[in-house]
Amino acid sequence: MNDAHLHLVVNHFPIIGTIFGFGILVVGLLLKNNSVKNTAYVLFIIAAVFGFLSITTGEGAEEMVEDFPGIGKAIIHEHEEVAEKLALVLYALALTSVFGIYTNLKNKTKANVVSYIALGIALIAVYFAQQTGTTGGEIRHTEIRNDSAVSPIGNKDAFIEKEKDKD
């Protein structure tokens, strides 16, 4: 298994885990149920661990694909920048989640405040997760790029002409 494969294996959970965790935390707040909130916190912590793994495998994946036709370094750099922001937000969310679990288990009066702080950080994380997923998908899926009027699969000659016009 190479770095690109490892990256593909681990990079989805920070995105999906954060989105699910956000939804579960909202439900936990609405139900005022600490067990449900703790479930969201655990998902956030796991998402941060997988975020770290995604960042560490991303560099190797970049080296393998950056010179592939239709990819280039610029689009990978954009993905890398957004992914690094997501990772930082996930680390903050994981620390908040550890504190949230602690305050819930100890029945601290600030537990509800921590939950709302986690919810705010999670909302930011969901935004960066969406951006990271989109920019990552655009690396190999040219059909979802904003600047892709013609897919290389759909009409090869038109795509080649479009690429020539960029130079």
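Patches consist of residues with over 30% relative accessible area and no salt bridge, with nonpolar side chains (Val, Leu, Ile, Met, Phe, Trp, Tyr) joined within 5 Å and like charges within 9 Å. A salt bridge here requires a side-chain nitrogen of Lys or Arg within 4 Å of a carboxyl oxygen of Asp or Glu. Areas follow the Shrake-Rupley method with a 1.4 Å probe, and for residues only the protein chains shown count as cover.

The model is predicted: local features need pLDDT of at least 70, side-chain atom pairs count only at pLDDT 80 or more, and totals for chains, interfaces and linings use all residues. Residues are numbered from 1 along each chain as its sequence is written, and side-chain values use heavy atoms, leaving out hydrogens and water.

Helices (H or I, at least four residues) and strands (E, at least two) are DSSP runs numbered from the N terminus. Leucine 6 counts as partly exposed because its relative accessibility is 32%; the class lies between buried (under 20%) and exposed (over 50%).

Now select Glu59, Glu63, Asp67, Glu81 and Glu84, which form a negative surface patch. Helix 3 (34-65) and helix 4 (72-105) are the elements giving two or more residues to this patch. Asp and Glu count as negative, Lys and Arg as positive, and His and the chain ends are not counted; each charge is placed at CG of Asp, CD of Glu, NZ of Lys or CZ of Arg. Aspartate 67 sits in the loop between helix 3 and helix 4 and, at 62% relative accessibility, counts as exposed.

Finally, display the whole protein chain: six helices and zero strands.

How values were computed. Buried < 20%, exposed > 50% of the residue type's maximum accessible area, 1.4 Å probe, protein only.
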